Amino acid sequence: MHCLFCQHVDTRVIDSRVSDDGATIRRRRVCEACGERFSTLETIELKLPVIIKSDGRREAFDARKLRAGFDRALQKRPVAEEQIEAAVRAVVHQLRRTTERELSSIRVGEFVMGELRKLDHVGYVRFASVYRAFQDVADFRDELDRLESDNSGDEQLPLLGGADEPLPSATRKR
């Protein structure tokens, strides 16, 4: 690697560390000519599939858009940043595992909904309402009923409190 300071063609690695998630390696280097030290980050460059939008356009996968979708769905919800980051990484991992060069945005949306369903039911329903283009309240009710029946033993708060079920004190209106 060329020295950033004097452009000498040879530098020596004096320390290497793997990041916590294992995706990058930080290398501390020293220039053999001028003695300056600097760090480099190495990441694996994997080609993610091109996303085919619903109108037929093709665009490169953008992790920032993915994160923005999670942020919109989970806005003002009690979900930790670490959990959101892990969900984003899980979706990216699923994309990498597909061997396809092109992937429909519908499949990406399904991956996102799977992760949101694990994180927060309200965020899941928010995302699903846009993703599946709910037309009326009946569409919301159908999705909520499906979610309630699928997650009867879940630890999350119920989506719809029954008439005989009091709201938990933390969510009760005052």
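## Contacts along the chain

Of the contacts (heavy atoms within 4.5 Å) between residues at least 6 apart in sequence, 41% join residues at least 24 apart. The model is predicted: local features need pLDDT of at least 70 and side-chain atom pairs count only at pLDDT 80 or more, while totals for chains, interfaces and linings use all residues. Residues are numbered from 1 along each chain as its sequence is written, and side-chain values use heavy atoms, with hydrogens and water left out.

## Secondary structure

The chain has six strands and five helices. Both are DSSP runs numbered from the N terminus: helices are H or I with at least four residues, and strands are E with at least two. In sequence order the pattern is β-β-β-β-β-α-α-β-α-α-α.

## Surface and burial

The chain has 174 residues, and 27% of them are buried. Buried means under 20% relative accessible area, exposed means over 50%, and partly exposed lies in between (1.4 Å probe, protein chains only).

## Salt bridges

Side chains of opposite charge can pair when their charged atoms come close. A salt bridge is counted here when a side-chain nitrogen of Lys or Arg is within 4 Å of a carboxyl oxygen of Asp or Glu. The count under this rule is 15.

One of these joins the side chains of Arg-27 and Glu-42, at 2.6 Å from N to O. Arg-27 belongs to strand 2 (residues 24-31) and Glu-42 to strand 3 (residues 37-43), so this pair ties together parts that are 15 residues apart in sequence. Glu-42 is partly exposed, at 32% relative accessibility.

## A network and a pair within a helix

Salt bridges link Asp-55, Arg-57, Glu-59 and Lys-65 in a network. Within this group, the side chains of Glu-59 and Lys-65 form a salt bridge of 2.6 Å, N to O. Lys-65 has a relative accessible area of 47% and is partly exposed.

Another salt bridge, 3.1 Å from N to O, is between the side chains of Lys-118 and Glu-115. Both residues, Lys-118 and Glu-115, are in helix 3 (residues 105-119), three residues apart, or about one turn of the helix. Lys-118 is exposed at 60% relative accessible area, whereas Glu-115 is buried at 11% relative accessibility.
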